[in-house]
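User: Could you take me through this structure? I would like to begin with the overall picture and then turn to the details.

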Amino acid sequence: MKKSVIIAGIVALIAIIILIVIGKAAKKKDIANLYVEAKKGQFEVVVSTTGELQAENSADIKGPDFTQSRQIRAADIKITDLVPEGTQVKAGDFIATLDRTSFDNTLKDELERLTTQEANLEVKMLDTAVTLSDLRDNIKNLKFSVEEAEITLEQSKFEPPTTIRQAEISLDKAKRSLEQAIKGYSLKIEQARSDMKTIKFNLSEQRQRVSDLQTILSKFTIYAPSDGMVIYKRDRTNAKRKVGSSISPWDNVVATLPDMSSMISKTYVNEIDVSKVKVGQKVELLVDAFPEKSYTGVVTSVANIGEQLPNADAKVFEVVIKLNESDPILRPSMTTGNKIITKTIEDVTYVPLESVQLGPDSIPFVYTKKGNKQIVVTGEENENNVVIEQGLETGAVIYLSTPEKPENFKLVGQDLVAVNQERAKARKEEERKAREEAAKANERRGFPGGAMEGLTPEMMQRFQQMRGNMQQGGATGAQGGAAGTQGGQRSQQGGQRDTAAFRRMMQSNPEMRQRMQNMRNDTSARRRNLNQQGQGGQTPPPGTPNTNQN
């Protein structure tokens, strides 16, 4: 019994192994002989990107506005409390709290100063009142002294001349003292008025400062300006603000309340494909959170200047896409898949990209099911397919990949080799013309031909800016030398800064350093030629730049 069970188990195991081997062989044969049919219809050239949903319009939830008070100087302020992102709020609901510690201490100090200035005003008023009262009493006493001197003079008219003269002198002194006291009293009044005006002005400024601080501190608890969903604001580093983050007087937005009725997808296109993307092009969108739904949109803006995102080497350009539909399930920050339709071609034949092979001479061909190695002429292509302009009829069955024993296939369509070569020659000619136009443009800007060839637009822009700064610094230095040594020193310092920045750029970019070396060699050779012509008594041809003027 046991023996028969063992034999049955061995037979079953052998059968399973045979089935697995046969299955793998059949699968391998099927994979090797996958076919595809050439289709005809509408062909779309697309650029696919990944984006992020945002509201087209939103209301900012702001902290205190420090720009309205010139008396207060503020640095960054930390967020100590913040409602969770995505919270639905009503107008007037709590949103966030800011750190009051520094401003509470400042307000306490300013209140103490205000109390001190108010006390100083009262003391000043009392001192002024006492001083002026004493001066008025003194004037009254001096008036009595003048009357006494007049009586003495009147009584001394029968006295000797010496006594009369002494009485006259005493009267003059008394009158002069009275006049001086009256003038001094007037000056003292004017001085008191001026001092009081200054004290009251300083007190008013101090009261305004305290009032501004109290007003700003009342805004350290932030409330929603309207109904909506709270979305955290991103700072200049693209990080979302949260508890512990800081706002500044120049960027005091804590969060936003987006208008969900109109959404956009912000995406980035690499520098290779950005030339294909134009404003107004149609877009098909999918949201990762809802793959069963699709949306449409249109490109509303394409950035003119590229940027480099964190952890990325290639330059990208920001593209904004507006969704045509409004859907309440869409939320900001959802990931979208964007298919930007850059070109649509009607009624053309196309096949999958992987079915088109390239020979050693870069001539494209396909393997047909009839056993031919068919040379073709290709046109536009997208992520999946390529247009076949010549060499293949609609409905033709071709291999999706290289078949077994490709050497047994018959080569046909040799007449299309010349067409492909002619197209390749035309493309090279277009590239050559583009390089020549770029070289001419460089020469018009003052660069020797070919020295700046191959540089990216960003590198060109940076070089032109530095070159302009150095020329401006030299011109300013010349003006400073005529006006005085101080201006020349300032220009010299500016030139050193520009030169240092230029040197750093050269060190960070070996390719540009080599091109600059070529440009210097070019300039030196041109200068030597001009010197030789000058020594030989020859006149340079018209339009030749005179490099010896400097």
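This is a predicted model: local features need pLDDT of at least 70, side-chain atom pairs count only at pLDDT 80 or more; totals for chains, interfaces and linings use all residues.

User: What about contacts between residues at least 6 apart in sequence: what percentage join residues at least 24 apart?

Analyst: Among those contacts, the figure is 74%.

User: Let us move to the sheet with E17 in it. What is the strand order?

Analyst: The order is E17-E18-E19-E23, and these four strands form an open sheet with mixed pairing. Strand E17 (357–358) and strand E23 (410–412) are the edge strands, each pairing on one side only.

User: Do E19 and E23 run parallel or antiparallel?

Analyst: Strand E19, residues 372–375, runs parallel to E23, and three bridges join the two. Within this pairing, Asn372 has Lys410 of E23 as its bridge partner.

User: On to the aromatics. How many pairs does a search of the whole structure find?

Analyst: The search finds six aromatic pairs. In one of them, Phe43 and Tyr350, the ring centres are 5.6 Å apart and the planes are at 55°, so the pair is tilted.

User: Which strands hold Phe43 and Tyr350?

Analyst: Phe43 belongs to strand E2 (residues 39–55) and Tyr350 to strand E16 (residues 335–352).

User: Are Phe43 and Tyr350 buried or exposed?

Analyst: Both Phe43 and Tyr350 are buried.

User: What geometry do Phe365 and Tyr367 have?

Analyst: Phe365 and Tyr367 form an edge-to-face pair, with 5.4 Å from centre to centre and 90° between the planes. Both of these residues are buried as well.

User: Which residues make up the cluster around them?

Analyst: Ring pairs link Tyr35, Phe365, Tyr367, Tyr399 and Phe409 into a cluster.

User: Which ring does the charged end of Lys373 sit over?

Analyst: The charged end of Lys373 sits over the ring of Phe365, at 4.5 Å from its centre. Another lysine, Lys369, lies over the face of Tyr35, 4.8 Å from the ring centre. Phe365 and Tyr35 are both members of the cluster linked by ring pairs.

How values were computed
Residues are numbered from 1 along each chain as its sequence is written. Side-chain values use heavy atoms; hydrogens and water are left out. Two strands pair if DSSP finds at least two bridges between them. Rings of Phe, Tyr and Trp (its six-membered ring) pair if their centres lie within 6.5 Å; planes under 30 degrees apart count as stacked, over 60 as edge-to-face and the rest as tilted. Buried means under 20% relative accessible area, exposed over 50%, partly exposed in between (1.4 Å probe, protein chains only). A charge sits over a ring if NZ of Lys or CZ of Arg is within 6 Å of the ring centre and within 35 degrees of the ring normal. Contact means heavy atoms within 4.5 Å.
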